[in-house]
Amino acid sequence: MTSAPDLPRATGLLREALGARLLTPADPGFPAAVRLWNGAPAGTPALVARCQDADEVALAARVAGRCRLPLSVRGGGHDWAGRALRDGGLVVDLTGMRQVDIGPGASTVTVGGGATAADAIAALRPYDRVVVTGVVRAVGLAGLTMAGGYGPLCGRHGLALDNLLGAEVVLADGRRVTADPEHEPELYWALRGGGGNFGVVTALRLRTHPLAAALAGMLLFPAAQATAVLRGYGQAVRDAPDELTVMAGFLPGPAGEPVVFLAPVFTGDDAAAGQAAVDRLRALGTPVVDQVAPLAYEDVLRLFDGGMADGNHYLLRTRWLARVDEPVVAALTAAAGAVSSPFSAIALHHFHGAASRVPVQRTAFGLRADHLLAEIIAVWTPGGDPAPHRAWAEHTSAALAPHALPGGYPNLLAPEETDRVRLAYGSNWERLRRAKRRYDPRGMFSAVPTLPPAGPPGPRHGEGGRQPREHPAGT
């Protein structure tokens, strides 16, 4: 697109269709409409279209193309990098599309493109069924599912994307299509791991699973016990059955000091086995907080409520780790000891079981071996100098890099980390690029994970299923 955007024309076309649901910076509701979970400065869009159905989304896409406006999509508003807001662009706001429709026998559920994990779980509670989610209730299901979706049910039921049965999508030219195994199968493949780079997902059909309650909760240990606890955690996750998925890491303690956390979620039917698994984790140190009990799944997702307050400033870095071995334990404990803010945290997400048994070519998601996702979360209050917090996150990421797998979780990679995105998809990269050229040839969508603009394919990485070793950050 080389011509200047025609903002007046776009405003007129959308105002005619949406009325007061089209917001400009002059409208009172605009500041709230562009407020994201991450309060750090982000792009300033020119227009926000608060869509109520797929037809309005299609209109917004057509207008953006016709008037040469950058386009972005806001679902749950939890993209840390602010990619829901593009400078001078049009935001397709899906927050009004949060409907949840229960399928026959509650074995499936169809949710709107703006629905959150909390919306779906609340609707399914009377049926004692759940969908696969991340670890936070407020996160939008569409963005989470299309990029991956690590969470408490990963071992038993796979990633969130492994439970996507179909999607309704608005393409860049405004066409509405269904993507599932029988309709647009290549788009269906790309959506499962390729993120929102192919269109606007206005509805998702998800598989549900029976779950009345899980044995779950939080164990907190003093930082002085970090080495022993993390060593034991590394062994415990290698032995874990599908029914047990365990997060770990460092959270701010009562006085802002880092404490070690273990967050087990056991969803099996054998209560004794679940209790034995929790007892093993409990014995790794002397917990200062020991709160593990049978919980409804919606309460499992409340474990991290309030830990990361809306409006604070966030910067994330990520690494994939094959194991929690001695060098990793040393790097993590050193990072906790050097933390630059009493609000920052490190989380290890546990990938194993059902998620690791999916053939890597079945979806666009590029890593199916057992691993831990390290999420490095630098947090500071508005008005603070970001430099020390950025330095802490970058240093922690660099310390883990020599012990990490290539790439990283694309949903958490920074927009400029294009090379790591490519490594993350491995042998799926070229197929994903072909899908991008097919469904979004002009590069209208640049959501998570960031794919380079559509163009001719470059040299292949990871021939024969092998990926090159990644160099440490900064080299």
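Predicted model: local features only at pLDDT ≥ 70, side-chain atom pairs only at ≥ 80, totals over all residues.
Strands of a sheet pair through backbone hydrogen bonds, either parallel or antiparallel. Here 4 strands make an open sheet with mixed pairing, in the order β1-β2-β4-β3. Because β1 (22-23) and β3 (71-74) each have a single partner strand, they stand at the edges, and one side of each is left without a neighbour in the sheet. Strand β1 runs antiparallel to β2 (residues 47-50), and 2 bridges join them. If you look at Leu23, you will find Val48 of β2 opposite.

| Helix | Strands | Angle |
|---|---|---|
| α1 (residues 7-18) | touches β1, β2 and β4 (90-93) | about 20° with β2 |
| α3 (residues 54-66) | lies across β2, β3 and β4 | about 170° to β4 |

Helix α13 brings Val421, Arg422 and Tyr425 to the contact, while α14 brings Trp429, Glu430 and Leu432. By class, that contact has 4 nonpolar, no polar and 2 charged residues.

Finally, what lines the second largest pocket? Its lining has 20 residues, and Ala40, Pro41, Trp80, Tyr314 and Arg390 lie nearest the centre. Strand β16 (residues 313-321) gives the largest share of this lining, 4 residues. By class, the lining has 12 nonpolar, 5 polar and 3 charged residues. The space in this second largest pocket is about 320 Å³.

Methods: Residues numbered from 1 in each chain as written. Heavy atoms only, no water. 1 Å grid on protein atoms, 1.4 Å probe; cavity = no way out; pocket = protein on both sides within 12 Å on 5 of 7 lines; lining within 4 Å. Points joined across faces, edges and corners; volume = space filled by probe spheres on them. Nonpolar A, V, L, I, M, F, W, Y, C, P; charged D, E, K, R; others polar. Contact = heavy atoms within 4.5 Å. Pairing = 2+ DSSP bridges. Axes fitted to C-alpha atoms, helices over the stretch in contact; angles between N-to-C directions.
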